[in-house]
Amino acid sequence: MFNRDGIIDKKEESQRNGLRNVNLTPDLAGTPAKPSADANKTKAVPSTPDAGSKLIVGPDIKMKGVEITNCDTLVVEGRLEASMDSRVVQIAENGVFTGTVSMDVAEIFGRFDGELTARKQLVIHATGRVSGHIRYGNIRIEEGGELTGDVSTITGAKATAR
């Protein structure tokens, strides 16, 4: 039977026990993130002052048929099939993103397949594989990175659309 009086606020309990919340989500290189000096504060602190809203699709997560809105930074460590508009998308080495995405900056360590528009910059690292309908402002491809499909600059796309 559910007893409302027996519920303990987890935040208050952790503060009494001296416990603190620590983010152990691995970064794109696969090493655990180090807790910040502000980790014991109750309010989440972005890693950078202008980080804004951030969504992390963890390594064992599979999401399909999603529309993501109001997300400043998306980190894909698992498998994601979605459409979205964002500022920054980072696909980790084991991450897979399938769908339609428009963003300012894309950093690809894993795989992307679909329609990708990187308004400012597309970075494909040595382990990155990008295929589909690709538009970009600037591009950097490390040795070993792959880019296939219908590829053009955003200015080139605008010029051919006239």
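**Contacts, burial and salt bridges in a predicted model**

Modeller: Among contacts in the protein chain of this predicted model between residues at least 6 apart in sequence, 7% join residues at least 24 apart.

Biologist: Which elements does the protein chain hold, and in what order do they run from the N terminus on?

Modeller: The protein chain has two helices and seven strands, and from the N terminus on these run α-β-β-β-β-β-β-β-α.

Biologist: What share of the residues of the protein chain count as buried, and how much area does the chain expose?

Modeller: Of its 162 residues, 31% count as buried, while the protein chain exposes about 10,600 Å², of which carbon and sulfur atoms supply 49%.

Biologist: Why is the contact between the side chains of Asp85 and Arg119 called a salt bridge?

Modeller: The N to O distance between the side chains of Asp85 and Arg119 is 3.3 Å, and a salt bridge requires a side-chain nitrogen of Lys or Arg within 4 Å of a carboxyl oxygen of Asp or Glu, so the pair qualifies. This pair links distant parts of the chain, with Asp85 in strand β3 (residues 79-91) and Arg119 in strand β5 (residues 111-124), 34 residues apart.

Biologist: What makes Asp85 and Arg119 count as partly exposed?

Modeller: The class lies between under 20%, which is buried, and over 50%, which is exposed; Asp85 has a relative accessibility of 46% and therefore falls in between, and Arg119, with a relative accessible area of 34%, does so too.

Biologist: How do you know that Asp104 and Arg119 meet in a salt bridge?

Modeller: The N to O distance for the side chains of Asp104 and Arg119 is 2.9 Å, which is within the 4 Å cut-off, and therefore the pair counts as a salt bridge. Here Asp104 in strand β4 (residues 96-108) is linked to Arg119 in strand β5, 15 residues apart.

Biologist: Is Asp104 buried or exposed, and how do you know?

Modeller: The relative accessibility of Asp104 is 18%, which is under 20%, so Asp104 counts as buried.

Biologist: What makes Asp150 and Arg135 a salt bridge?

Modeller: The closest N and O atoms of Asp150 and Arg135 are 3.0 Å apart, a value within 4 Å, so the pair meets the criterion. A search of the whole structure finds four salt bridges, including the one between Asp150 and Arg135.

Biologist: In which accessibility classes do Asp150 and Arg135 fall, and why?

Modeller: Asp150 has a relative accessibility of 39%, between the 20% and 50% limits, and so counts as partly exposed, whereas Arg135, at 13%, is under 20% and therefore counts as buried.

Biologist: Why are Asn70 and Thr69 called exposed?

Modeller: Asn70 has 72% relative accessibility, which is over 50%, so Asn70 counts as exposed. Thr69, which lies in strand β2, has a relative accessible area of 51%, which is also over 50%, so Thr69 is exposed. The C-alpha atoms of Thr69 and Ser86, 17 residues apart along the chain, are separated by 7.7 Å.

Notes. Residues are numbered from 1 along each chain as its sequence is written. This is a predicted model: local features need pLDDT of at least 70, side-chain atom pairs count only at pLDDT 80 or more; totals for chains, interfaces and linings use all residues. Side-chain values use heavy atoms; hydrogens and water are left out. Helices (H or I, at least four residues) and strands (E, at least two) are DSSP runs, numbered from the N terminus. Buried means under 20% relative accessible area, exposed over 50%, partly exposed in between (1.4 Å probe, protein chains only). Contact means heavy atoms within 4.5 Å. Accessible areas come from the Shrake-Rupley method with a 1.4 Å probe; for residues, only the protein chains shown count as cover.
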